[in-house]
Amino acid sequence: MYKIKRKCIIITLLALIFSSTVVFAAESNIPNNVNNSENVINNTEENDSTATTILKIKDEQLKSLDDYKTKYGSDTYGFAAYVLHMIQVYSIPIGLVGIAVCAIYQYVIGLKRLDVRDKGFHTMIAMVTILIICQVLPLIFAVVIKSND
């Protein structure tokens, strides 16, 4: 029974890991028989495109930061709210990966060693607690700041 359960957990975790990763391959628009000056022109066009994309992302982030500053009426509160929002967004995937690793320690490796099982259990409780705190902290911040206005 334990072997079937262990195999199901391992297969599920591997499927989750492999399904969450995607590899993108860049297409080359430059033929092999083109001279060097055209390659330089195409490379600068690609660099300009990349720079434009990076600048767009930067502008969107600054606009988002400015939105938070105007929403909270202060540079300090706006920046704090923006940082808390970023923590909230990035804590979800980090927390889920941490919980998966803890589950491996608890249910797969912990079948043979009880100290590893306890370590996985306690670490999982810590990961869930940190995940909940990271999700609720921006809400608490918004309620406290807006109630003072």
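This is a predicted model: local features need pLDDT of at least 70, side-chain atom pairs count only at pLDDT 80 or more; totals for chains, interfaces and linings use all residues.
Local features were taken only at pLDDT of at least 70, side-chain atom pairs only at pLDDT 80 or more, and totals for chains, interfaces and linings from all residues. Residues are numbered from 1 along each chain as its sequence is written, and side-chain values rest on heavy atoms, with hydrogens and water left out.

Two salt bridges were found in the structure. A salt bridge here is a side-chain nitrogen of Lys or Arg within 4 Å of a carboxyl oxygen of Asp or Glu. One of them joins Lys63 to Asp67, with an N to O distance of 3.6 Å. Both residues lie in helix H2 (residues 36-72). Helices are DSSP runs of H or I with at least four residues, numbered from the N terminus. Lys63 and Asp67 are four residues apart in this helix, so about one helical turn separates them. Lys63 is exposed, at 52% relative accessibility. Asp67 is partly exposed, at 40%. These classes follow relative accessible area: buried is under 20%, exposed is over 50%, and partly exposed is in between (1.4 Å probe, protein chains only).

Arg113 and Asp115 form another salt bridge. Their closest N and O atoms are 3.3 Å apart. Asp115 is partly exposed, with a relative accessibility of 49%. Arg113 is also partly exposed, at 47%.

The cysteines were examined next. Cys102 is buried, with 4% relative accessibility. Cys134 is buried as well, at 17%. A search of the whole structure returned zero disulfides, a disulfide being a pair of cysteine sulfur atoms within 2.5 Å.

Definitions and conventions. Helices (H or I, at least four residues) and strands (E, at least two) are DSSP runs, numbered from the N terminus.
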